[in-house]
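Subject: A structure for you to look at

Hi there,

Here is the structure I promised to pass on to you. Please open it next to this email and follow along as you read.

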Amino acid sequence: MKKRRELRILWNSNSPTSNSGYGIETRDLLYRLAKDGWQIAISAFYGVQGGPTEIAYPSHLNSQLRGITIKHYPVMSEAWGSDGMFFHGRDFKADVTFAMQDVWVLDPNYLSKIKNFIPWSPIDKEPLPLNVIEKLNFAYKIMCFSKFGYNELLKNGFSATFITEGTDVEIFQPRDKMEARKKLGVPQDVFLWSMVGANKENPPRKGYQEALEAFKMFYDKHPEAAMLFHVQQRHPGGFPIKEYANYLGFAKRVFFMDDYRSMFMSTSDTIATEYNACDALLHPSQTEGFGLGIIEGQASGKPVVVQRCQSMPELIIEGKTGFAADTLYKRYTNDLSFVNVADPKSVYECMEKTYKILKDDGKKVENDCREWIVANFNIDTLVREKWIPFLTSLQDELLPLPLTDKKESSNINLLK
Amino acid sequence: MKKAYFSISDNRNLPYYKMMEASLRKFDKETPLILIDDAKVKQIGDPHFWYRATPIITKALLKDYDVVCHIDADVLVLGNLDHIWEGDYDLAVTYNSNPRDDKMYPIRLLDIHPYNYVNNGFNVFKSKAFIEQWLKLCMSDHFQNFQMREQDLLNILIYYFSESFGGPYKVKFLDNGPKWHNLASKGYTPYTKMVDGKVILPKNNEWPKEDKQLVAYHFAGGFSSAKMKYRLIFPNDVIQFIDTLVKP
């Protein structure tokens, strides 16, 4: 049966070349959909300037996607691409415009004019901030990528479509730890924790201070411990990680991926090497709409310590593939909601539990982590079983065929 | 019994009115639906018309009809409404709020419980005397003192001057039965499901305590960007049902 692929899709997010979490998910999802024949363009409000350009899937990553290109539109005047969604959408003749980004930053003057706006957005706060609700009201449909987000939307009267984020389990898979350490120049005899994330603000959303304080307690008990940081988005207002490690007295136990390489030269294969070099990940973020690194790390066979709030607990199997630390307190924010500050002592206790399960049977932990992600967050499966049925149904809805000309009927089975 | 629906809609609301009309006609092809449009509003010429329109129009219509149902343009009719005409009453009314909606949009009037406060978007009137008194209040000095104008005065008449309180008016609360008609389900619509061709909100620990059939749903909220966007608030099976209702 011939596949009908008439729906024209504009996707507003970070460019895949940016290596942000949004960019990586955009890459892993959209190049697969393009391979399946969907007509897609990216409005890259971060990562492309100047004019439209065709960008190919990185040739050194997944060979199945080699040679596939997607048209990228550049950022215009508005930093978050509200204007791009409207003007690029008009140029591309988009039938639908997806936005994979925070919605509260978007300009309602453009949102009201965008054809079939569908946010696939992080919901990372409880209660749902009013500025998020206001922007969601402009949507044609609402999508989210965490069960936490889905439930928060329900509580606010929204009926959303939930499709989780996924990861490329070919790129992220267990590989030889010692080889990875050798490649990165990390000592072979350390028990290595890693943190991969942006560092754009202080207090830091990724929970660097709480993680470092917890690491101090762990290091006091385990002098072989070390930490590896990969900060792929750096800002002058970010948290002084190195300086705080120095203040706490263990600066020599902290390794950093070079800033330039982290920000501009590190595609997923580099991150995968870092995960493979470490023993476990720390990810006690203060807010998470998803937390892509949590599933990338587990796909690489590494357990993750998260915080028990928002999307994070749903991404691990507690006790088998990770542990969830308690919240110390909730800080009230300008959007009339909260961010959760992890309890460093609880993070430390989770680190000890992680250390123990790894020492007891590290191979089993690796297998558990890997199986959990392959079964639930494999991007190939999500594209095949969730995204293509969703887009097919959307295509039927927005571009209905005469009853006599049905080429492919949608058979949608999403959590609704 | 001569009956009619009426709705008031300026040009901006006409697309919503068309959706309401289409959905109503799926269940009732005969009862007249009278549109009070921009031209008629201009003809009436009352500068406060939008805040006391219901008694003004109802008074006029009760000259020709025995019973009239005021239905807002931003209502979707989801089920048969034959039952709303039945019974011995002067007015039949529907509720404005519920536990979730009250947290988002609290409305307080005197000592009237927020869940009992009546919304003016879907009501049925038989009594000329009631309408006469309501309209006089709306034309009095009291009118400007109430935030919700005609709706607040309607609630005062219901909760201070109905039969239950020694007054003359028999009030029927349509939402007290197994069917909901207005805003009582607002915020809970994602939990609805299709059962035997009906939109059902199943009982749960929060709201409601008994299964309820939604026979009408009122979007309300002024010129919200989510107006009539049923895809944002209903699950897929109900969306597919509504798709068939709003087709002309």
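To start, which residue in β12(A) is the bridge partner of A:Ser194? Have a look before you read on, and keep in mind that this is a predicted model.

The partner is A:Leu281. The two strands involved are β9 (residues 191-199) and β12 (residues 280-283) of chain A, which run parallel and are joined by two bridges. Both belong to an open sheet of six strands, and if you walk across this sheet you meet them in the order β11-β10-β9-β12-β13-β14 (chain A), with parallel pairing. At the edges you will find β11 (254-256) and β14 (322-325) of chain A; each has a single partner strand, so one side of each has no neighbour in the sheet. On average, neighbouring strands here are turned by 25° against each other, if direction is ignored.

Now zoom out to the whole of chain A. Its domain assignment gives two parts: domain 1 (8-166 + 378-405) and domain 2 (177-376). Taken over C-alpha atoms, the centres of these two domains of chain A are 28 Å apart. Where they touch, domain 1 of chain A gives 24 residues to the contact and domain 2 of chain A gives 19 residues. On the domain 1 side, the elements that give two or more residues are α1 (21-35), α4 (130-136) and α5 (147-155) of chain A. That side of domain 1 has 10 nonpolar, eight polar and six charged residues.

In total, chain A has 13 helices and 16 strands. Its radius of gyration is 21 Å, close to the 22 Å that the globule rule gives for 416 residues, so chain A is as compact as a globular protein of that length. Along the principal axes, its C-alpha atoms fill a box of roughly 70 × 45 × 40 Å. Of the 416 residues in chain A, 52% are buried. If you take the contacts in chain A with a separation of 6 or more, 68% of them are between residues 24 or more positions apart.

Is A:Tyr329 buried or exposed? It counts as exposed, because it has 10 C-beta neighbours inside 10 Å, and the cut-off for exposed is 12 or fewer.

Chain B is next. It contains seven helices and 12 strands. A compact globule of 248 residues would have a radius of gyration near 18 Å, and the 17 Å of chain B agrees with that. The C-alpha atoms of chain B fill a box of roughly 50 × 40 × 35 Å along the principal axes. Here 42% of the 248 residues count as buried. Among contacts in chain B with a separation of 6 or more, 73% are between residues 24 or more positions apart.

Happy exploring!

Conventions
Residues numbered from 1 in each chain as written. Chains lettered and ligands numbered in written order. Predicted model: local features only at pLDDT ≥ 70, side-chain atom pairs only at ≥ 80, totals over all residues. Domains from an automatic or database assignment. Contact = placed C-beta atoms within 7 Å. Helix = DSSP H or I, 4+ residues; strand = E, 2+ residues; numbered from the N terminus. Nonpolar A, V, L, I, M, F, W, Y, C, P; charged D, E, K, R; others polar. Rg over C-alpha atoms; globule rule 2.2 N^0.38 Å. Buried ≥ 20, exposed ≤ 12 C-beta atoms within 10 Å, placed from the backbone. Pairing = 2+ DSSP bridges. Axes fitted to C-alpha atoms, helices over the stretch in contact; angles between N-to-C directions.
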